[in-house]
Amino acid sequence: MSSNSPDTDEPKSLTAAWITAILLIVLYVIGLLIFPPLYDAPKGDASSFVLFIGRFHPIFLHLPVGILGLLVLFELICSTRRGEQKFGEASLLMLIIGAAGAVMAVFAGIMLSREGGYVGGNFSLHQTMGLLGTAGVLIALVIRLMGMGRNSMELLNAYRAVYFLSFGIMGLGAHFGGNMSHGNTFLTQHAPAWIKVPMVNMEKWMLSFVQKPKVEKAEPTLEVKTEVKPVAIDLGPTPPAPPSSDEKLVFEHVILPILTAKCNKCHCEEKSKGELRMDTYELAMKGGENGKNFVAGKVAESLSIARIMLPIDDDDGEHMPPDGKDQLTPEEIALLKWWVEQGASDTQKVKDAKIPAELQATVDGILKG
Ligand code: HEC
């Protein structure tokens, strides 16, 4: 295009935009001081309001994803002086709204992480890149405002470089968040090999920076989440009155609470990943796509046990629960194995079961709820 169109643009008043940008930056910094991003947040010391806001993270994050994604296209148009004259202000507005959305998503994300159990490489990368990407977008916003104020194509080009880079970082960070919710293989599973191999290798390379050699953190007691869906629990033949501790069943009162706490956010009625549900005995035994979920007496053939035992950074991302989610403690794993080994029964009573001495304390903790 011919760029000899004269610079007729009056310098625009950007005061409102500057005020918004500065407010956003101040909010971001203060917010991060109040809710510092942690990599191993202690469980249970966040107020329920914080946790409530945290659950909005998956909603908030779509705003920056959509708007900042569209802005990439706009900025390509704006890279010519004509384009900038036509769409510069629209781009600025999108940048501000997208940046505000990113700030909100970051805070909700940090609050969500206060539920605890967010550990592992996917989480570290997701949080770090989300924070950096958002900071980058805020810096980009300042450079854009300066460029627009001075009508300087150089500054605007510098802005675009910073913006594209930040958006890239944010996008990669978002991907690791997706891995946390959908499993490491979600994006690559059906990819043709020529895409899959480089993608998986790149992912591994990135994860290698943050992955701890082994995530083996025994927690003192198992926290059984209270958000159990009452409908989903098959109470079977037990009477309505809570059974005395003598009458408690191994599956229902020891094994199922472990599955509920660590597996069934993804393997229940609302969400049955891999077509697997484990919210009742029958469904847990039936298994998912590949069946053989728990094979009585045969730990080696039980798919769930096999996937739990895979290393957390398994090459195919098949470890369960997915990296980044609340992991089973060694005691919980031992209990599941023990239960399968001695028959995977649903009628055996706790008092009749020969619970290995080293697991008794864990069982008592679970029974107490
Ligand atoms: C954050 C969500 C999430 C959590 C928590 C989770 N899973 Fe999964 N699980 C998935 C996804 C997604 C799949 C399907 C993709 C795959 O097979 O990797 C899956 C698949 C499986 C399968 C394969 C089913 C089949 O027949 O192919 C098994 C077995 C399994 N999970 C066991 C578990 C166990 C045991 C736990 C708890 C210790 C657990 N999962 C926790 C997301 C989760």
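Guide: Let's start with H4 and H7. In this predicted model, the axes of helix H4 (residues 62-78) and H7 come within 11 Å and cross at roughly 145°.

Visitor: How do you know which way H4 and H7 cross, left-handed or right-handed?

Guide: H4 passes H7 in a left-handed crossing. The label goes to a near helix turned anticlockwise from the far one by less than a right angle.

Visitor: What makes the contact between H4 and H7?

Guide: From H4 you have Val65, Leu68, Val72 and Glu75, and they meet Arg160, Tyr163, Phe164, Phe167 and Ala174 in H7. Sorted by class, that contact has 7 nonpolar, no polar and 2 charged residues. Tyr counts as nonpolar here, while Glu and Arg count as charged.

Visitor: On to H1 and H6. Why is H1 called roughly antiparallel to H6?

Guide: The axes of helix H1 (residues 15-34) and H6 come within 10 Å and cross at roughly 160°. Angles over 145 degrees count as roughly antiparallel, so H1 is roughly antiparallel to H6. The crossing of H1 past H6 is left-handed.

Visitor: Which residues make that contact?

Guide: H1 brings Ala17, Trp18, Ala21, Leu24, Ile25 and Tyr28, and H6 brings Leu138, Leu141, Val142 and Leu145. By class they divide into 10 nonpolar, no polar and no charged.

Visitor: And why is H9 called oblique to H12?

Guide: Helix H9 (residues 250-262) and helix H12 (residues 330-341) have axes that come within 10 Å and cross at roughly 135°. The roughly perpendicular range is 65 to 115 degrees and roughly antiparallel is over 145, with the rest oblique, so H9 is oblique to H12. H9 passes H12 in a left-handed crossing.

Visitor: What makes up the contact of H9 with H12?

Guide: Val250, Val254, Ile255 and Ile258 of H9, with Glu332, Leu335, Leu336 and Trp339 of H12. That contact has 7 nonpolar, no polar and 1 charged residues.

Visitor: Now the ligand. How many residues surround the ligand, and which are the closest?

Guide: There are 27 residues around the ligand, and the closest are Cys263, Cys266, Lys273, Gly274 and Gly288.

Visitor: Which helices supply the shell around the ligand?

Guide: Helix H7 (153-182) and helix H11 (303-309) each supply at least two residues. H11 gives the most, with 4 residues.

Visitor: Which domains does the shell draw on?

Guide: The shell takes at least three residues from each of domain 1 (15-207) and domain 2 (230-368).

Visitor: How does the shell split by class?

Guide: It has 9 nonpolar, 11 polar and 7 charged residues. Gly counts as polar in that tally, and Cys as nonpolar.

Methods
Residues are numbered from 1 along each chain as its sequence is written. This is a predicted model: local features need pLDDT of at least 70, side-chain atom pairs count only at pLDDT 80 or more; totals for chains, interfaces and linings use all residues. A residue is near a molecule or strand if its C-beta atom, placed from the backbone, lies within 6 Å of it. Domain bounds come from an automatic or database domain assignment. Axes are lines fitted to C-alpha atoms, for helices over the stretch in contact, and angles run from 0 to 180 degrees between N-to-C directions. Angles under 35 degrees count as roughly parallel, over 145 as roughly antiparallel, 65 to 115 as roughly perpendicular and the rest as oblique. Two residues are in contact if their C-beta atoms, placed from the backbone, lie within 7 Å.
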